[in-house]
Amino acid sequence: MTHSVTINFSGNSVIAPTDSTATPGTAAVPAVLQYKNYVYAIYAASDPNNPSIWQLAYDGTSWQGNQRIGWGASANASYPMTSCAPGLAALKNTLYLAWIDQSSASDSEGTIYIASASTSATSRSPIAPTDWQPLTGTYVNGMPGPVAGSQGLAMIAFPYNGVDSLWVFYNNGKGNLCVAIAQPAATTTGVNWVYANTIQSWTENANPNAPMNPKLSGLPAAAVINSVPYVVFIGSSGSYLNSIYLDLSTNNWAGNQHISVDKGNPLDLKAGSTPNLLAFSPPGKGSLNFAMLFYQGIHGTSIDLSTYVAGKWYGNISIDFLSGLLGPGINPTTKIGIGSAMSGLTQMVMVYPSASSSSDQDLWAAYATITVT
């Protein structure tokens with residue numbers, strides 16, 4: 001069956017929280033995810049000498065929050081510290097935050113940690129920045145958690161060995177694409193790191209063959225597409241966007257090829273900064289899985305879009321051009337990267353450090369209504 005996708009963009013303006021006069025800003029890619037009644041945008045504040053993690057919440061109409069995440073009594077609060085991209089994932093009834101611990105922006109690597117928070121399904125208030133709970137635990141070799149490079153990470157929720165798990169993808173600082181897998185412990189304050197290795201050294205392969213060795217520049221984007229983990233990243237040579245996915249029939253990673261769109265003549269995608277991957281199931285379309293890939297185009301700072309439906313990628317077009325075809329044009333721009341999430345069933349919200357701001361770091365948002373027929 002052939003499907004038609006219509007995306008109507010709007011917005012493209014600085015985020016102005018209703019309860020804060022400060023403009024949020026970051027030099028790293030924000031993590032954006034829908035959890036129950038809100039879309040959360042978590043970002044590393046633009047302060048190299050005091051790196052910290054801040055939170056915004058969007059209710060479908062307006063933003064609120066812009067507060068520093070911490071735990072403990074306010075007078076003796078502890079704060080997670082990072083200057084690079086965090087990750088968000090929802091598992092069962094809980095929202096999880098992953099970050100690479102850094103005491104300063106000059107740290108070349110750090111340990112990966114995870115915190116959790118939750119609200120009731122009927123809550124009319126978002127997660128408070130003090131509601132987060134740091135999770136303690138160890139990796140199988142006794143370390144507190146895997147060590148990653150300073151670029152940042154991406155996180156998804158997906159089963160591992162039949163257990164609901166959190167998969168964290170990252171650059172180890174040497175250009176190797178790595179994955180670490182954590183499983184929340186029986187206690188609400190624990191997490192068990194059950195796997196961490198480069199994709200090249202993936203040891204879960206049921207039918208061993210020549211291992212792939214994906215190399216990347218910067219940090220990856222990840223999502224679950226068609227019920228499998230799917231990772232997109234800029235290759236280590238050039239600006240081509242590559243992808244890998246987990247082949248469940250062999251339990252081995254496959255792909256590691258340039259992403260080519262289906263336009264009669266294949267066209268390989270290129271990006272100027274960290275890409276973003278968003279997957280969801282359109283309402284009323286059964287098991288159809290739809291995905292959008294956002295990325296800075298290589299010819300400037302405009303954000304481009306490619307869509308994935310029925311196993312193929314389509315388009316390689318700037319939002320500026322696409323939105324102008326359908327109405328008043330908007331031109332989201334970035335030099336750093338993008339985070340995105342669904343807000344409800346058909347609205348998408350995209351958050352990005354805007355190249356249109358004087359510092360290139362003020363967080364802006366654009367929105368879109370998506371219709372799949």
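Which residues is Asn 276 in contact with, leaving aside its neighbours within four places in sequence? Select Asn 276 and look around it: Ala 221, Met 292, Leu 293, Phe 294, Ile 338, Gly 339 and Ser 340 are in contact with Asn 276, where contact means heavy atoms within 4.5 Å.

Before going on, note that this is a predicted model, in which local features need pLDDT of at least 70 and side-chain atom pairs count only at pLDDT 80 or more, while totals for chains, interfaces and linings use all residues. Residues are numbered from 1 along each chain as its sequence is written, and side-chain values use heavy atoms, with hydrogens and water left out.

**Stop 1: Asn 276**

Asn 276 lies in strand β21; helices (H or I, at least four residues) and strands (E, at least two) are DSSP runs, numbered from the N terminus. Asn 276 counts as buried because its relative accessibility is 10%. Buried means under 20% relative accessible area, exposed over 50%, and partly exposed in between, with a 1.4 Å probe and protein chains only. Now show the side chains of Asn 276 and Ser 340: a polar contact of 2.4 Å links them. A polar contact is a pair of N or O atoms within 3.5 Å; within protein, one must be able to donate a hydrogen and the other to accept it, and residues adjacent in sequence count only if both atoms are side-chain atoms.

**Stop 2: the largest nonpolar core**

Select Phe 9, Met 292, Phe 294, Met 348, Met 350 and Ile 370. Of the 23 residues in the largest nonpolar core, these touch the most other members. Such a core is a set of buried Ala, Val, Leu, Ile, Met, Phe, Trp, Tyr and Cys residues joined through side-chain atoms within 4.5 Å. Elements giving two or more residues to this core include β1 (5–14), β21 (276–280) and α1 (319–326). β27 gives the most, with 5 residues.

Centre on Met 350. Leaving aside neighbours within four places in sequence, its contacts include Phe 294, Ile 303, Ile 319 and Trp 364.

**Stop 3: Asn 12**

Asn 12 is in strand β1. Is Asn 12 buried or exposed? At 18% relative accessibility, Asn 12 counts as buried. Its side chain and that of Tyr 352 are joined by a polar contact of 2.6 Å.

**Stop 4: strand β7**

Select residues 94–100. In strand β7, 7 of its 7 residues are buried. Thr 94, Tyr 96, Ala 98 and Ile 100 point one way, and Leu 95, Leu 97 and Trp 99 the other way. In a regular strand the side chains alternate between the two faces of the sheet.

Strand β6 (residues 87–91) pairs with β7 in the antiparallel sense over 5 bridges; two strands pair if DSSP finds at least two bridges between them. Ala 89 has Tyr 96 in β7 as its bridge partner. The hairpin of β6 and β7 has 2 residues between the strands, and Lys 92 in the turn has a positive phi of about 55 degrees. Strand β8 (residues 109–117) is joined to β7 by 6 bridges and runs antiparallel.

**Stop 5: a four-stranded sheet**

Finish with the open sheet of 4 strands, in the order β11-β12-β13-β14 with antiparallel pairing. Its edge strands, β11 (153–160) and β14 (191–198), each pair on one side only. β11 is largely enclosed by the rest of the structure, because 6 of its 8 residues are buried. Select Ile 156: its bridge partner in β12 is Trp 167. Then select Ala 180, which stands opposite Ala 196 in β14.
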